[in-house]
Amino acid sequence: MELFTTVQQVREQVRTWKKQGFTVGLVPTMGFLHEGHKSLIDRAVAENDKVVVSVFVNPIQFGPNEDFAQYPRDLEKDAALCENAGAAILFHPEPEEMYPNGFCTHVDVTGVTDNLCGAKRPGHFQGVCTVVSKLFHMVAPDRAYFGEKDAQQLAVIRRMVQDLNFDLEVVGCPIIRESDGLAKSSRNTYLNPEERRAALVLNRALTAAKSVMERGERRADRILPVIQAELGEEPLAKVDYVKMVDSLTMEDVETAERDVLVAIAVYIGKTRLIDNFTFQIQ
């Protein structure tokens, strides 16, 4: 595996691969990789001849009071995971490489970004779409892999790819959970032992809602209170949002008449965690 830090290095290698007829997969990450990221890399390795993993903590997707400076980083561990999983390139640019002096172009996706995390974190998805579109141009992958835990992000990127005619396939990969049900997240490392136990309430709340839906309930005003009641039992949990939305548009729905996303964002102490499930209407 090669560790590259410049756009030129990546482009030259990918051009060589393309001339040789190789397919290329891309796994964009912010590093501090865990089993959830590894599942994306494993899928990419299985479906492509060569795989590029980017590790870049993207400063423009963090708000002024968010955790950019504190976001966990461990490049040595990340490199070992990527190499063991079979990645061919680990791309780890400095911010100045991605956003040189005078950088002033951004990518905005509207509509699908207006709800959920987009409403709570102004500018976040502009930062995500800008960096991901740059990576798509740099790597020119055949396929790009994203986790379903960030369900709105996945929907936003799919919309961007469709609207801007990127010639690639966006592949969504299932949420990977700890043995006790907590969704894998780099931010889980912020939790102290008491908060870590409290965080299990997210999965309990979603499981309760899914059970209600599996028994036939389709109305949001009867499904979401189940989640809110479960979350309300945990003193360390502070609800940011509890929503049922259309899986494609991310717009609130009153009744699940087609596939919906049930999504939550909850603060456990000072740590904001997200989780979700998609309910498919038969």
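Helices (H or I, at least four residues) and strands (E, at least two) are DSSP runs, numbered from the N terminus. The expected span of a helix is 1.5 Å times one less than its number of residues. This is a predicted model, in which local features need pLDDT of at least 70, side-chain atom pairs count only at pLDDT 80 or more, and totals for chains, interfaces and linings use all residues. Residues are numbered from 1 along each chain as its sequence is written, and side-chain values use heavy atoms, with hydrogens and water left out.

**View 1**
Helix H2 covers residues 35-47. Its 13 residues should span 18 Å at 1.5 Å a residue, and the end C-alpha atoms are 18 Å apart, so the two agree. Gly36, His37, Ser39, Leu40, Ile41 and Ala44 are the buried residues of H2. Here buried means under 20% relative accessible area, exposed over 50%, and partly exposed in between (1.4 Å probe, protein chains only). Contact means heavy atoms within 4.5 Å.

**View 1. Helix H3, with one buried face.**
Asp78, Leu81, Cys82 and Ala85 are buried in H3. Seen down the helix axis, the buried residues of H3 fall within an arc of 95°, so they line one face. The arc is taken from the directions from the helix axis to the C-beta atoms. An α-helix has 3.6 residues a turn, so residues three or four places apart point the same way. On the other side of H3, Glu76 and Asn84 are exposed. H2, E3 and strand E4 (89-91) pack against the buried residues of H3. Glycine 86 follows H3, with a positive phi near 105°.

**View 2. Glutamate 76 on H3.**
Glutamate 76 sits in helix H3. The residue is exposed, with a relative accessible area of 69%. Phenylalanine 32 is 44 residues from glutamate 76 in sequence, and the two are 9.5 Å apart in space, C-alpha to C-alpha.

**View 3. Helix H7 and its cover.**
H7 (151-163) has 13 residues and reaches 18 Å from its first C-alpha to its last, close to the 18 Å expected at 1.5 Å a residue. The buried residues of H7 are Ala151, Gln152, Gln153, Leu154, Ala155, Val156, Ile157, Met160 and Val161. Their cover includes H5, helix H6 (124-139), E5, E6, E8 and E9. Just after H7, asparagine 165 takes a positive phi of about 60°.

Rolling a probe the size of a water molecule over the atoms shows where empty space is left. On a 1 Å grid over the protein atoms alone, a cavity is a set of points where a 1.4 Å probe fits but cannot get out; a pocket is an open set with protein on both sides within 12 Å along at least five of seven lines; lining residues have an atom within 4 Å of a point. Grid points are joined across faces, edges and corners, and a volume is the space filled by probe spheres set on the points. The second largest pocket holds about 700 Å³ of space. Of its 30 lining residues, Ala151, Arg158, Ser247, Met250 and Thr278 are the closest to the centre. H7, helix H9 (200-214) and strand E9 (271-279) each supply at least two lining residues. H7 gives the most, with six. The lining has eleven nonpolar, ten polar and nine charged residues. Ala, Val, Leu, Ile, Met, Phe, Trp, Tyr, Cys and Pro count as nonpolar, Asp, Glu, Lys and Arg as charged, and the others, Gly among them, as polar.

**View 4. The largest cavity.**
The count comes to one cavity of 30 Å³ or more. About 50 Å³ of space lies in the largest cavity. Its lining residues include Lys149, Leu182, Lys184, Asn188 and Asp275. E9 gives the most to this lining, with three residues. By class, the lining divides into five nonpolar, two polar and three charged residues.

**View 5. Leucine 116 and methionine 250.**
Leucine 116 lies in helix H5 (residues 116-120) and is buried at 2% relative accessibility. Beyond its neighbours within four places in sequence, its contacts include Gln152, Tyr241 and Met250. Methionine 250 belongs to the loop between strand E7 (237-246) and strand E8 (260-268). Methionine 250 is also buried, at 2% relative accessibility. Most residues other than glycine have a negative phi. Leucine 116 has a positive phi near 50°, and methionine 250 has one of about 65°.
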